[in-house]
Amino acid sequence: MKKLLTIVLALMLVLGMTVNASALTVAFSQIGQESDWRTANTDDVCGAVEAEGWTLVYDDAQQKQENQVKALRNFISQGVDYILFTGVVSSGWDEVLKEVNEAEIPLILLDRIPDCADQIDYVAAFGGDFVEEGRRMAYWTANYVEKLGRSAEELNVVILEGTTGSDAAIGRAKGIAEVLEDYPNLKVVASQTGNFSRAEAQPVMESFLKSLDKIDVLLAHNDDMALGAIEIIKNAGLVPGKDIIIVGCDAPKTAFDAILAGEMNATIECTPLYSRFVVQTIKELEEGKEFDKTVIHPEEGCFDAEGGIVYSADGRVSEKAADVIADRKY
Ligand code: GYE
């Protein structure tokens with residue numbers, strides 16, 4: 001009899017906990033599906049929310065700000081418990097995020113942080129350090145060029161930019177420009193958006209190749225655009241990774257494959273794996289913990305074929321892609 005009671009009590013406890021946990025509804029306003037990074041980010045965050053037994057309300061805005069605004073207003077009228085938000089562009093969110101605040105729904109900012117972040121309330125924020133990622137792309141390139149013994153040569157650089165007006169593209173452009181100022185031999189001869197997408201980067205790369213006599217370096221704001229450009233470079237009869245030094249950003253497995261194939265030279269890491277922060281934050285908020293209003297940037301590395309290239313002002317050194325590819329999670 002006592003044993004039965006213990007089992008019933010234990011069952012009630014388990015059920016009680018499950019009921020409580022699944023009572024949470026977590027909404028996620030996602031940008032779209034433009035890249036390997038984005039797919040990994042969606043899978044990671046949505047998978048983790050569901051694995052916790054929480055109800056997920058997911059919206060894919062298909063790169064449109066107005067769709068995100070609509071989604072946020074829907075989340076408010078549904079009375080969700082948490083909102084996860086990343087903005088396709090950085091400006092124009094003031095009004096709708098204030099509405100989220102007025103509805104007193106805890107807001108967790110992920111990835112691209114809106115430029116009005118200081119004027120609104122959010123409970124936690126986790127995003128990439130995009131300016132630093134841009135700097136790293138340029139540092140790696142300058143040091144690689146030096147290793148090749150080409151520092152005295154004038155090299156033409158083209159840039160494939162991310163989505164115009166997005167935090168990630170603005171930051172990376174800024175970081176690249178800042179560092180390249182110190183390397184006048186690396187001359188930016190063209191810079192245009194490829195919207196963070198393989199397909200959209202291809203015609204841009206094609207037009208670069210048609211209009212410029214010589215391209216020595218391609219800096220792509222993400223690896224998808226670098227991978228798209230690699231095909232175009234091959235079609236033009238050039239050897240990617242040799243005739244043109246190619247550096248991207250994100251570090252998904254697809255970029256590692258290109259590095260191992262010798263077609264791409266380096267990738268600066270930008271992790272899409274935010275679920276570990278999201279789940280822990282929500283659990284801690286549920287327990288009453290408060291967070292500082294600050295944006296947390298995850299630790300990130302840089303990967304290339306040989307390793308050993310300095311890629312940051314504080315002397316960080318790249319790792320060999322072949323050594324870490326087996327453990328890549330995205
Ligand atoms: O680099 C790119 C994606 O915002 C950091 O968006 C993200 C960027 C990422 O589509 O691949």
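Which of the 13 residues around the ligand come nearest? Select Glu34, Asp111, Arg172, Asn222 and Asp250; "around" means having a heavy atom within 4 Å. Before going on: this is a predicted model, where local features need pLDDT of at least 70, side-chain atom pairs count only at pLDDT 80 or more, and totals for chains, interfaces and linings use all residues. Numbering runs from 1 along each chain as its sequence is written, and side-chain values use heavy atoms, leaving out hydrogens and water.

Next, show the polar contacts (N or O pairs within 3.5 Å). Glu34 puts a polar side-chain atom 2.4 Å from a ligand oxygen, and for Asp250 the distance from a side-chain N or O atom to a ligand oxygen is 2.6 Å. Alone, the ligand exposes 300 Å², and the protein buries 100% of that (Shrake-Rupley, 1.4 Å probe).

Finally, color by domain, using bounds from an automatic or database assignment. Domain 1 (2–122) and domain 2 (130–271 + 300–327) both give residues to the shell, so the ligand lies between them.

Key
A polar contact is a pair of N or O atoms within 3.5 Å; within protein, one must be able to donate a hydrogen and the other to accept it, and residues adjacent in sequence count only if both atoms are side-chain atoms.
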